[in-house]
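Please look through the structure shown here, beginning with a single side chain and its surroundings and then widening the view to the chain as a whole.

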Amino acid sequence: MDDVSRPPATLLAEEALLGLLLPFWQLVIGAFVLVVLVLSVGRLARRGRSRMTTALLVTAAAIAGFALVGVLLQG
């Protein structure tokens, strides 16, 4: 008799393979994000001090906004 509550073996094998590959893809995406971030910060630093100050203020406002939205949506 077949146990219908148990998934087929091929499905488990696919999930296991995806589970092994998932950290690799996260690492690749993280590396691309890091490269783009370093390049953009370098370009911004070459543009001068006033642009850096504006960028830091905009970044701080975005972080505060995301934190506020997170708190409001949480509770």
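R43 counts as exposed because its relative accessibility is 53%, where exposed means over 50% relative accessible area, buried under 20% and partly exposed in between, with a 1.4 Å probe and protein chains only. The model is a predicted one, in which local features need pLDDT of at least 70 and side-chain atom pairs count only at pLDDT 80 or more, while totals for chains, interfaces and linings use all residues. Residues are numbered from 1 along each chain as its sequence is written, and side-chain values use heavy atoms, with hydrogens and water left out.

R43 lies in helix α1, and together with R46, R47 and R51 it forms a surface patch of positive charge. Patches consist of residues with over 30% relative accessible area and no salt bridge, like charges being joined within 9 Å and nonpolar side chains (Val, Leu, Ile, Met, Phe, Trp, Tyr) within 5 Å; a salt bridge is a side-chain nitrogen of Lys or Arg within 4 Å of a carboxyl oxygen of Asp or Glu. Helix α1, residues 9-47, supplies the largest share of the positive patch, three residues.

V38 is also found in helix α1, and V38 counts as exposed because its relative accessibility is 53%. L34, L37, V38 and V41 make a nonpolar surface patch of about 370 Å².

For the protein chain as a whole, the secondary structure comes to two helices and zero strands, helices being DSSP runs (H or I) of at least four residues and strands (E) of at least two, numbered from the N terminus. Buried residues make up 0% of its 75 residues. The accessible surface of the protein chain, from the Shrake-Rupley method with a 1.4 Å probe, comes to about 7,100 Å², of which 73% belongs to carbon and sulfur atoms.

Terms used. Lys and Arg count as positive and Asp and Glu as negative; His and the chain ends are not counted. The place of a charge is taken as NZ of Lys, CZ of Arg, CG of Asp or CD of Glu.
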